[in-house]
Amino acid sequence: NLVEPDDELLLSATSPMMMDDFPTELTAENICDTAPLIACGRMCGLAGWACEHKYAEQLVTLFGACEPEHNEYTLGGIATAAKSLLLLGCSEITETLLSRENILDFLGMLEYDPDTPVVSRVHHREYLEKETRFQEVVPFQEPEMAERIKHTFRLQYVRDTAGAVFMDDIALALVDHMVNTNLTALRNALSSDAEYFTRLSTEMRTLPSGSDARRSVVMALAEILRFMQGKPCLLGMEDKDLSESNSDCIPLFLLASGIDALTAALKDTSAETRAAAVRVLSSCLSQQPGLIRKQLMMPESTELRNTLFHMFEHDEDGAVVDAVGDLLCFLGDARVFYAENTLALEDCPTVSNNSYAQFFETEILEHAMNLFSQAKTFVDNRASCEPHMDITFQYACELMTVPTISQRVNTEISERSDVLHGAAMLLRCRRADHVVLA
């Protein structure tokens, strides 16, 4: 009488005769009695027995047969058994219950969890199948890719939402392993699919400027590159192990006329498309800095460089100017290039340290000085300063703080100190969108 019912069940579960208490076949008649015993199964090595008798497969089949009958008591037993099987910490059982074919059935079982009040139960399947939608902007040639992406999203939903309230560290680790296996397979597939990046580039170049279709394609490419870096992205997939990044797709994109495609996207009439194109270029630069810097120095990239400078000076969207300014500040700092890409220079005989410094610093300096000339005009005329120009002037000043550029300023344009002074006054004295002199 001193033993509580649950403790009594636990004591019986650890007895040598424990396996005799388990049926070899799960049925609607015995599932409610068996489910509580499974909860104690980890202590007596039930995982091996459950695998041998295919408990996971049996449970999925039983759920499919019982759900149409709407017997809450039986379905509650199935839900308890499903959670308990996952908590056994067996990779074979976890992979079966959460396989591509079974994961929606598993989530359906959780919808009848007796530990959750009816009014608080979540319709997981309805959310995943009706309220979320995976859109292939540029369809994959292999249907397997799209299916794997959807499965990965559902696994993360189990890990972060549906199963978060009951899974322990072991169960979470097993689901994490399934997620990471899928993500690695996706990255490997993308990094070798040259045809896919060719179609992306073609769509970016040929779709009409300002169209929703082009915007979607450029944004999709930006998210794919973030995914390849192991960063959270709108695909709904997040890799918690950032060491698993893969940047092999960058050369594929560039070989697929990616520079021309990016130039077209940067000139788009839609600010969202231009911002996404800048994100694409920034991702490429962060993943393959040596390759992208060399590519930007080539004659065929002249139009892209001029487009960036034009955006820096004239784009009316502050967020776009902000992103382009970050990009130019990074490009303008030759120290980063020398430190990270010394070996890369040897692979490109037309590029040398001196030519890099002269190439970028001269071009950036010219455009920065044009901006300061505009700043002088604003100061002299006490004219209205548009908000996007305000951001641009700030970045122009930041460019001047790059040591290699500031040296050229000191040695070559000291006679234009009035322009620099005017720009400094503008940045000090601005208020809202008007210039106010001290």
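Entry 1, α5 and α7. I looked up the hand of the crossing of α5 and α7 and found it left-handed (the near helix is turned anticlockwise from the far one by less than a right angle; clockwise would be right-handed). The model is predicted, so I note that local features need pLDDT of at least 70 and side-chain atom pairs pLDDT 80 or more, while totals for chains, interfaces and linings use all residues. Residues are numbered from 1 along each chain as its sequence is written, and side-chain values use heavy atoms, with hydrogens and water left out.

Helix α5 covers residues 72-86 and helix α7 residues 103-110; they pack at about 120° with axes 8 Å apart. Helices here are DSSP runs (H or I, at least four residues) numbered from the N terminus. Axes are lines fitted to C-alpha atoms over the stretch in contact, with angles from 0 to 180 degrees between N-to-C directions. That angle makes α5 oblique to α7 (under 35 degrees is roughly parallel, over 145 roughly antiparallel, 65 to 115 roughly perpendicular, the rest oblique).

From α5, I78, A79, A82, K83 and L86 meet F106, M109 and L110 of α7 (contact means heavy atoms within 4.5 Å). I sorted this contact by class: 7 nonpolar, no polar and 1 charged. Nonpolar means Ala, Val, Leu, Ile, Met, Phe, Trp, Tyr, Cys and Pro, charged means Asp, Glu, Lys and Arg, and the others, Gly among them, are polar.

I259, T263 and L266 of α14 make the contact with E303, L304, T307, L308 and M311 of α17. By class I get 5 nonpolar, 2 polar and 1 charged.

A cavity is a set of points on a 1 Å grid over the protein atoms alone where a 1.4 Å probe fits but cannot get out; lining residues have an atom within 4 Å of a point. The largest cavity holds about 40 Å³, a volume being the space filled by probe spheres set on the points, which are joined across faces, edges and corners. Its lining includes A50, Y55 and T96. I sorted the lining into 5 nonpolar, 1 polar and 3 charged. Helices α3 (46-52), α4 (55-66) and α6 (91-97) each supply at least two lining residues.

Methods: On a 1 Å grid over the protein atoms alone, a cavity is a set of points where a 1.4 Å probe fits but cannot get out, and a pocket is an open set with protein on both sides within 12 Å along at least five of seven lines; lining residues have an atom within 4 Å of a point.
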